[in-house]
Amino acid sequence: MTRSIRGRLLLLAAVWLTAALLGAFLLIAQLLEDFVTDRFDAETLAIADSLIGQLEVDDGRVELDDTPLDVRFTLPLSGWYWQVMAGDATVARSPSLLDGQLTGPAGDLTGATGRDADAAGLRVLRRELTIPDSDALIAVTVTAPLAEIEGSLAQIVRPLAVALVVLGLGLAAASVIQVTLGLRSLDRLRADLARVRAGDSDRLARPDVSELRPLASEINAALDQNAALLTRSRQHLGNLAHSLKTPLAALSNELPPDHQGQALITRMDRLIGWHLRRARQAGPRLLGQRTPVAPVVVDILLVLRWPLADRGMTADVDCPPDAAFPGERQDLEEMIGNLSENAAKWGRTRLRITVRTPPDRLVLRIEDDGPGLPPDQAPLALMRGARLDELGAPGAGLGLAIVADLAALHGGELRLERSDLGGLAAVLDLPA
């Protein structure tokens, strides 16, 4: 997820939401706990104040004139207790204490914790005072059960937790929607770039968000630079071809017509002429091109009709009408032309061209029924200038190497395999 913008945003949102909701839960829970305990402390303080108000002295003895009417203090061992002490003597205690006695440290206490006879937790409030006509130190102690306090807190905190979880899920869904909508422009930019690479468009459209416009402008500038470099390279190729054709023509004029070098000059002139035509016909762009395969195959077989007829060969073609090459027509013509010419030279009776379009791929298979190649000689056949049979069909040993280079340039590969016709199967595996 950390290698994805969407993943990073969602991860950061998840961390932030978790931390914020957890912090909110802890803060609110603490506030609720303070509120609930303060409420219980207020109740016990009210009981203590009512007990203090009922104290009186009769013949030097401290007595309690009346007791609180709260029924909670009448239930045995309920945790709701009160006790009044005058020095070491017990003045009165709540019926809930039975015969027990509350003990603890001296001094005023609010919110202290203690235990009763059954080891149940208590929240303790204690007040020490003196009253007129008595020298005894009077201690009034009132307790509330911690279990009841915790139960009251649970009744509040549990719905709070559920509410925060629901809120968190809603905010998480909102974050996913927000990130998805925010990155939709990136998805559109990627789709536009894919259309350029596939040949359906030659430039990126202007994004609708200002943050992506500089990026689109830089990509379009890179496409323009790529086109300029490609055009310049092909112009240099044309100039080189023109420069070579002139001395070749002069050399041909100097040699006798029956000189063996004339065949080599003719072969070189044919190769230079072919590349010169390609340089002249090349389109201005490498990206943004898409070429149907079927018309190229038909044109190449039309050029090879006489060589095939002279050798008594037939050509079979199996090509889907929608098969397309994401590049320039000249590159596809050069690859199919070289392989078809090679098959026409070495085949005996048949040439077969098969085109398949698996997902995101374009696979062309050009086969013949000639002698073929042993598997260990296939890498050598792809080397520039390499010829495995110097006495066989004429050629400069560049065709397969050129095809392999072009296929690699377009992100594909050329494989030499054994055909079920008995000869060589040249397989072009290219991206679609």
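Reader: Is Leu223 buried or exposed?

Author: This is a predicted model. Leu223 lies in helix α4, which spans residues 213–254. Its relative accessible area is 6%, and the cut-off for burial is under 20%. Leu223 is therefore buried.

Reader: How many Å apart in space are the C-alpha atoms of Leu223 and Leu204?

Author: In sequence, Leu223 and Leu204 are 19 residues apart. From C-alpha to C-alpha, the separation of Leu223 and Leu204 in space is 9.5 Å.

Reader: Does Ala198 count as buried or exposed?

Author: Ala198 belongs to helix α3, residues 184–198. Its relative accessibility is 19%, and burial requires a value under 20%. Ala198 therefore counts as buried.

Reader: Which residues is Ala198 in contact with, leaving aside its neighbours within four places in sequence?

Author: Gly372 is 174 residues from Ala198 along the chain, and their C-alpha atoms are separated by 34 Å. Contact means heavy atoms within 4.5 Å. With neighbours within four places in sequence left aside, the residues in contact with Ala198 are Gln289, Arg290 and Pro326.

Reader: At what angle do helix α6 and helix α8 pack, and what does that make α6 relative to α8?

Author: Helix α6 covers residues 293–303 and helix α8 residues 329–346, with their axes 10 Å apart. The packing angle is about 45 degrees. Angles under 35 degrees would count as roughly parallel and those from 65 to 115 as roughly perpendicular. The angle of α6 to α8 therefore makes α6 oblique.

Reader: How do the residues of the contact of α6 with α8 divide into nonpolar, polar and charged?

Author: α6 passes α8 in a right-handed crossing. From α6 the contact takes Val293, Pro295, Val296, Val297, Asp299 and Ile300, and from α8 Arg329, Leu332, Glu333, Ile336, Gly337 and Ser340. Gly counts as polar here. The residues of this contact divide into 7 nonpolar, 2 polar and 3 charged.

Reader: Which element of the protein has the lowest mean pLDDT?

Author: For the protein, the mean pLDDT is 84, and 91% of the residues reach 70 or more. Among the elements, strand β11 (residues 350–356) has the highest mean, 95. The lowest mean, 67, belongs to helix α5 (residues 261–281).

Reader: How many contacts beyond four places in sequence does the model have for residues 384–397?

Author: Over residues 281–285 the pLDDT is below 50, and that stretch has 17 contacts in the model beyond near neighbours in sequence. Over residues 384–397 pLDDT stays under 50. Beyond four places in sequence, the number of contacts for residues 384–397 is 30.

Methods:
Residues numbered from 1 in each chain as written. Predicted model: local features only at pLDDT ≥ 70, side-chain atom pairs only at ≥ 80, totals over all residues. Heavy atoms only, no water. Axes fitted to C-alpha atoms, helices over the stretch in contact; angles between N-to-C directions. Helix = DSSP H or I, 4+ residues; strand = E, 2+ residues; numbered from the N terminus. Parallel < 35°, antiparallel > 145°, perpendicular 65-115°, else oblique. Left-handed = near helix turned anticlockwise from the far one by under 90°. pLDDT = per-residue confidence, 0-100. Buried < 20%, exposed > 50% of the residue type's maximum accessible area, 1.4 Å probe, protein only.
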